[in-house]
Amino acid sequence: MKRNYLAAFVGCLISLAPLMAQAGPFKQIRSQNEFVDRIVDKSLTAEWGKMVIHSDGKISGTVGSQKMVGAWNWQGKYWCRNVRIGKQEERGTDCQKISVDGNQVEFIRDKGRGEPGVLTIGN
C-alpha cells in the first residue's frame, strides 16, 4: 500500500511534464526572502495532494490519504527539504531549484537536475 502512494506520487510528477512544456516562462527564485514572500505559509496543491511550507522551518501536508511532515531551510539559491510520508522513512535532504509563473510553482529536484513538479499556490 505504501508503495502505491509513492508510485502514484511519482506518476503524477511524470504526468505533469507535458503540461510544464506548455506553461509560461518560469522565473527562478534565488533568495530566501523572495521564497518566503512568494511561497511560505501558503497552500500548495497538486493532483497527488497538498502541502504548506511553514515560516518556522516545518512542512506539513498530505500525499493521498497519508500525512506528510518535514523540515526545510534555504541554502544558497536552493530550497532544501527532508520529508516523511506516513510511516515511511525520511526521504533524505534534497535541495531543489524553485521557479514561479503566476500562481504556479515549479520544484526541480537535485538542484535543478532532477525530476520537476508543478504545484498551484493558494492562500
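Reader: Which residues form one aromatic cluster in this predicted model?

Author: The model is predicted. A search of the whole structure finds four aromatic pairs. The residues that form one aromatic cluster are Phe35, Trp72, Trp74, Trp79 and Phe107.

Reader: Are the rings of phenylalanine 35 and tryptophan 74 stacked, edge-to-face or tilted?

Author: The ring centres of phenylalanine 35 and tryptophan 74 are 5.2 Å apart, and the planes stand at 35°. Planes under 30 degrees apart count as stacked and those over 60 as edge-to-face, with the rest as tilted. The angle of 35° therefore makes the pair of phenylalanine 35 and tryptophan 74 tilted.

Reader: How many residues apart in sequence are the parts that phenylalanine 35 and tryptophan 74 tie together?

Author: Both phenylalanine 35 and tryptophan 74 are buried. Phenylalanine 35 belongs to helix α3 (residues 32-38), whereas tryptophan 74 belongs to strand β5 (residues 66-75), so the parts they tie together are separated in sequence by 39 residues.

Reader: Which cysteines form a disulfide?

Author: The search of the whole structure finds one disulfide. Its two sulfur atoms are 2.0 Å apart, and they belong to cysteine 80 and cysteine 95.

Reader: In which strands do cysteine 80 and cysteine 95 lie?

Author: The disulfide of cysteine 80 and cysteine 95 links distant parts of the chain, 15 residues apart. Cysteine 80 lies in strand β6 (residues 78-85), and cysteine 95 in strand β7 (residues 94-101).

Reader: Is cysteine 95 buried or exposed?

Author: Buried means under 20% relative accessible area. Cysteine 80, at 2%, is buried. Cysteine 95 has a relative accessibility of 12%, so cysteine 95 also counts as buried.

Definitions and conventions
Residues are numbered from 1 along each chain as its sequence is written. This is a predicted model: local features need pLDDT of at least 70, side-chain atom pairs count only at pLDDT 80 or more; totals for chains, interfaces and linings use all residues. Side-chain values use heavy atoms; hydrogens and water are left out. A disulfide is a pair of cysteine sulfur atoms within 2.5 Å. Helices (H or I, at least four residues) and strands (E, at least two) are DSSP runs, numbered from the N terminus. Buried means under 20% relative accessible area, exposed over 50%, partly exposed in between (1.4 Å probe, protein chains only). Rings of Phe, Tyr and Trp (its six-membered ring) pair if their centres lie within 6.5 Å; planes under 30 degrees apart count as stacked, over 60 as edge-to-face and the rest as tilted.
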